[in-house]
Amino acid sequence: MADPERARKMADRIKVIVAKRLERGLRDPRLGFVTITDVKVTGDLQHASVFYTVYGSLEERTDSAAALKAATGLLRSEVGKNITARLTPSLEFIADAIPENAALIDDLLREARERDSQVGALAQGAQYAGDEDPYVKPREFEDDDDEDDEDDYDETPAVGHHAE
(Lines give C-alpha, C1' and ligand atoms only; values in the text may rest on other atoms or scores of the structure.)
Protein backbone atom coordinates (compact mmCIF):
# COMPACT_ATOMS: atom_id res chain seq x y z
CA MET A 1 0.00 0.00 0.00
CA ALA A 2 1.49 3.30 -1.07
CA ASP A 3 1.55 6.47 0.94
CA PRO A 4 -1.75 8.42 0.44
CA GLU A 5 0.30 11.59 -0.03
CA ARG A 6 2.23 9.92 -2.85
CA ALA A 7 -1.02 8.78 -4.49
CA ARG A 8 -2.38 12.34 -4.28
CA LYS A 9 0.80 13.79 -5.82
CA MET A 10 0.70 11.21 -8.60
CA ALA A 11 -2.96 12.02 -9.27
CA ASP A 12 -2.12 15.73 -9.54
CA ARG A 13 0.76 14.95 -11.90
CA ILE A 14 -1.42 12.71 -14.10
CA LYS A 15 -4.07 15.43 -14.25
CA VAL A 16 -1.51 17.94 -15.55
CA ILE A 17 0.03 15.50 -18.04
CA VAL A 18 -3.31 14.44 -19.56
CA ALA A 19 -4.61 18.02 -19.68
CA LYS A 20 -1.48 19.26 -21.46
CA ARG A 21 -1.63 16.40 -23.95
CA LEU A 22 -5.29 17.14 -24.70
CA GLU A 23 -4.43 20.82 -25.05
CA ARG A 24 -1.87 19.97 -27.73
CA GLY A 25 -4.63 18.01 -29.40
CA LEU A 26 -5.34 14.52 -30.59
CA ARG A 27 -5.89 13.56 -34.19
CA ASP A 28 -9.42 12.41 -33.39
CA PRO A 29 -12.01 14.85 -34.82
CA ARG A 30 -14.63 13.54 -32.38
CA LEU A 31 -12.83 15.11 -29.42
CA GLY A 32 -14.62 18.24 -28.27
CA PHE A 33 -13.77 20.86 -25.68
CA VAL A 34 -12.67 18.54 -22.83
CA THR A 35 -11.67 19.71 -19.36
CA ILE A 36 -9.98 17.37 -16.90
CA THR A 37 -11.63 18.06 -13.53
CA ASP A 38 -10.03 15.49 -11.23
CA VAL A 39 -7.91 12.34 -11.05
CA LYS A 40 -8.12 9.65 -8.37
CA VAL A 41 -5.36 7.08 -8.04
CA THR A 42 -5.85 3.81 -6.14
CA GLY A 43 -3.73 3.15 -3.06
CA ASP A 44 -1.49 0.70 -4.90
CA LEU A 45 -0.87 3.27 -7.70
CA GLN A 46 -2.04 0.77 -10.34
CA HIS A 47 -5.19 2.49 -11.56
CA ALA A 48 -6.15 6.12 -12.20
CA SER A 49 -9.70 7.36 -12.72
CA VAL A 50 -9.66 10.53 -14.81
CA PHE A 51 -12.78 12.68 -14.45
CA TYR A 52 -13.61 15.07 -17.27
CA THR A 53 -16.33 17.37 -18.54
CA VAL A 54 -17.20 18.26 -22.12
CA TYR A 55 -18.64 21.59 -23.12
CA GLY A 56 -21.38 21.07 -25.66
CA SER A 57 -24.39 18.99 -26.58
CA LEU A 58 -25.12 15.40 -25.66
CA GLU A 59 -23.80 14.25 -29.04
CA GLU A 60 -20.51 16.11 -28.51
CA ARG A 61 -20.19 14.51 -25.07
CA THR A 62 -20.71 10.98 -26.40
CA ASP A 63 -18.28 11.63 -29.29
CA SER A 64 -15.66 12.96 -26.88
CA ALA A 65 -16.13 9.94 -24.61
CA ALA A 66 -15.49 7.62 -27.57
CA ALA A 67 -12.42 9.66 -28.58
CA LEU A 68 -10.97 9.50 -25.06
CA LYS A 69 -11.60 5.76 -24.91
CA ALA A 70 -9.78 5.33 -28.23
CA ALA A 71 -6.88 7.51 -27.06
CA THR A 72 -6.46 5.81 -23.68
CA GLY A 73 -3.34 3.91 -24.78
CA LEU A 74 -1.69 7.03 -26.19
CA LEU A 75 -2.48 9.01 -23.05
CA ARG A 76 -1.20 6.21 -20.81
CA SER A 77 2.08 6.19 -22.76
CA GLU A 78 2.33 9.94 -22.27
CA VAL A 79 1.75 9.52 -18.54
CA GLY A 80 4.37 6.73 -18.37
CA LYS A 81 7.01 8.97 -19.98
CA ASN A 82 6.39 11.81 -17.55
CA ILE A 83 6.04 10.18 -14.13
CA THR A 84 8.71 8.59 -11.99
CA ALA A 85 7.01 5.35 -11.05
CA ARG A 86 8.02 1.77 -11.67
CA LEU A 87 4.63 0.96 -13.22
CA THR A 88 2.35 3.21 -15.24
CA PRO A 89 -1.20 3.14 -13.89
CA SER A 90 -4.04 2.13 -16.16
CA LEU A 91 -6.34 5.02 -17.08
CA GLU A 92 -10.10 5.09 -16.98
CA PHE A 93 -12.01 8.14 -18.24
CA ILE A 94 -15.22 8.96 -16.36
CA ALA A 95 -17.57 11.73 -17.41
CA ASP A 96 -17.96 14.11 -14.49
CA ALA A 97 -21.56 15.13 -13.80
CA ILE A 98 -20.65 18.48 -12.24
CA PRO A 99 -22.26 20.68 -14.95
CA GLU A 100 -25.50 18.69 -14.92
CA ASN A 101 -25.62 18.70 -11.12
CA ALA A 102 -24.90 22.43 -11.03
CA ALA A 103 -27.71 23.10 -13.51
CA LEU A 104 -30.09 20.95 -11.44
CA ILE A 105 -29.14 22.78 -8.24
CA ASP A 106 -29.64 26.14 -9.98
CA ASP A 107 -33.12 25.05 -11.10
CA LEU A 108 -34.01 23.88 -7.59
CA LEU A 109 -32.78 27.13 -6.04
CA ARG A 110 -34.75 29.18 -8.58
CA GLU A 111 -37.90 27.17 -7.79
CA ALA A 112 -37.32 27.63 -4.04
CA ARG A 113 -36.97 31.42 -4.50
CA GLU A 114 -40.23 31.51 -6.49
CA ARG A 115 -42.07 29.55 -3.80
CA ASP A 116 -40.62 31.76 -1.07
CA SER A 117 -41.86 34.87 -2.87
CA GLN A 118 -45.33 33.28 -3.26
CA VAL A 119 -45.45 32.45 0.44
CA GLY A 120 -44.26 35.97 1.26
CA ALA A 121 -47.03 37.45 -0.87
CA LEU A 122 -49.62 35.28 0.89
CA ALA A 123 -48.25 36.27 4.29
CA GLN A 124 -48.69 39.99 3.55
CA GLY A 125 -52.48 39.96 3.99
CA ALA A 126 -52.69 37.01 6.35
CA GLN A 127 -54.58 37.12 9.64
CA TYR A 128 -54.62 34.80 12.61
CA ALA A 129 -57.01 31.87 12.26
CA GLY A 130 -58.05 32.08 15.92
CA ASP A 131 -57.26 34.45 18.74
CA GLU A 132 -54.20 36.61 18.41
CA ASP A 133 -52.79 34.96 21.54
CA PRO A 134 -53.69 31.26 21.29
CA TYR A 135 -51.96 30.23 24.54
CA VAL A 136 -54.09 29.12 27.49
CA LYS A 137 -53.77 31.36 30.50
CA PRO A 138 -54.36 30.19 34.09
CA ARG A 139 -57.78 30.93 35.53
CA GLU A 140 -58.19 33.58 38.13
CA PHE A 141 -60.43 32.58 41.07
CA GLU A 142 -62.33 35.05 43.19
CA ASP A 143 -61.72 34.99 46.96
CA ASP A 144 -65.33 35.67 48.14
CA ASP A 145 -66.26 31.94 48.04
CA ASP A 146 -63.82 31.05 50.87
CA GLU A 147 -66.50 31.17 53.59
CA ASP A 148 -68.73 28.63 51.83
CA ASP A 149 -65.83 26.22 51.40
CA GLU A 150 -65.22 26.07 55.15
CA ASP A 151 -68.77 24.83 55.82
CA ASP A 152 -68.39 22.00 53.36
CA TYR A 153 -65.36 20.59 55.15
CA ASP A 154 -65.96 17.00 56.26
CA GLU A 155 -64.25 16.05 59.50
CA THR A 156 -64.61 12.29 59.11
CA PRO A 157 -61.30 10.46 58.93
CA ALA A 158 -60.09 9.00 55.67
CA VAL A 159 -60.77 5.37 54.89
CA GLY A 160 -58.29 3.03 56.51
CA HIS A 161 -57.51 5.40 59.38
CA HIS A 162 -59.26 5.32 62.73
CA ALA A 163 -59.86 8.20 65.03
CA GLU A 164 -58.17 8.26 68.42
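Buried here means under 20% relative accessible area, exposed means over 50%, and partly exposed is in between, with a 1.4 Å probe and protein chains only. By that cut-off Ser64 is buried, with a relative accessible area of 0%. This is a predicted model, where local features need pLDDT of at least 70, side-chain atom pairs count only at pLDDT 80 or more, and totals for chains, interfaces and linings use all residues. Residues are numbered from 1 along each chain as its sequence is written, and side-chain values use heavy atoms, with hydrogens and water left out.

Now the layout. The protein has five helices and three strands, taken as DSSP runs numbered from the N terminus: H or I of at least four residues for helices, E of at least two for strands. Their order from the N terminus is α-β-β-α-α-β-α-α. Of the 164 residues, 21% are buried.

Next, the core. A nonpolar core is a set of buried Ala, Val, Leu, Ile, Met, Phe, Trp, Tyr and Cys residues joined through side-chain atoms within 4.5 Å. The largest one has 26 residues, and Ile14 and Leu22 have the most contacts inside it. Helix 1 (4–24) is among the elements that each supply at least two of its residues; seven, the largest share, come from helix 1.

Contact means heavy atoms within 4.5 Å. Not counting residues up to four places away in sequence, Leu22 touches Leu31, Val34, Ile36, Leu68 and Leu75.

Back to Ser64, which sits in helix 2. Leaving aside neighbours within four places in sequence, Ser64 contacts Arg30, Leu31, Gly32, Val34 and Val54.
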